[in-house]
Amino acid sequence: MINAPRPASHKDLPTWLREGARVYLPGRDREAIVQAIADFEDPATRRLTKNAVFLRPEGGGVEWIVAPDIPRPADHR
């Protein structure tokens, strides 16, 4: 993983929450890998989520999106 400087828009996020990080989702009781963190506007509702976290199951699969306050570090279950 490349240690590039974090964008200014990510300054309020925990330092462990970055692309490539393994995260745990308590509500789904599963782990995933962060693919990207970016603003996302839901096309159906036009609702904007700042710093939405794009996740994918380890090994591949369908990506999904969560708010940045949902994921936890995977090693701290």
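**Reading strands, core and rings**

In β3, I37 finds its bridge partner in V53. The model we are looking at is a predicted one.

Q: Okay, I37 has a partner in β3. How many bridges join β2 to β3, and do the strands run parallel or antiparallel?
A: There are 7 bridges joining β2 to β3, and the two strands run antiparallel. Their hairpin has 6 residues between the strands, and in it R46 takes a positive phi near 65°.

Q: How does β2 pair with β1?
A: That pairing is also antiparallel, over 4 bridges.

Q: Which residue takes a positive phi in the hairpin of β1 and β2?
A: Look at D29, with phi near 50°; this hairpin has 4 residues between the strands.

Q: Which residue in β5 does V23 stand opposite?
A: P73. Strand β5 covers residues 72–73 and pairs with β1 in the antiparallel sense over 2 bridges.

Q: What does V23 touch, leaving out residues up to four places away in sequence?
A: The list is W16, L17, R30, E31, A32, V34, L55, P71, R72 and A74.

Q: How should I think about a nonpolar core, and which residues make up the largest one here?
A: The general idea is that in soluble globular proteins, nonpolar side chains tend to be buried together. In this model the largest nonpolar core has 12 residues: L13, L17, A21, V23, L25, A32, V34, I37, V53, L55, W64 and V66. The elements giving two or more residues to this core are β1 (22–25), β2 (30–41), β3 (48–56) and β4 (64–66). The largest share, 3 residues, comes from β2.

Q: Now the rings. How is an aromatic pair described?
A: You give the distance of the centres and the angle of the planes. This structure holds 1 aromatic pair. F40 and F54 form that pair, edge-to-face, at 5.9 Å centre to centre with 90° between the planes.

Q: Why does the pair tie together parts that are apart in sequence?
A: Because F40 lies in strand β2 and F54 in strand β3, the pair links parts that are 14 residues apart in sequence.

Q: Is F54 buried or exposed?
A: F54 counts as buried, at 14% relative accessibility, since the cut-off for buried is under 20%. F40 is partly exposed, with a relative accessible area of 24%.

Technical notes
Residues numbered from 1 in each chain as written. Predicted model: local features only at pLDDT ≥ 70, side-chain atom pairs only at ≥ 80, totals over all residues. Heavy atoms only, no water. Core = buried A, V, L, I, M, F, W, Y, C linked by side-chain atoms within 4.5 Å. Buried < 20%, exposed > 50% of the residue type's maximum accessible area, 1.4 Å probe, protein only. Contact = heavy atoms within 4.5 Å. Phe/Tyr/Trp six-rings, centres within 6.5 Å; stacked < 30°, edge-to-face > 60°. Pairing = 2+ DSSP bridges.
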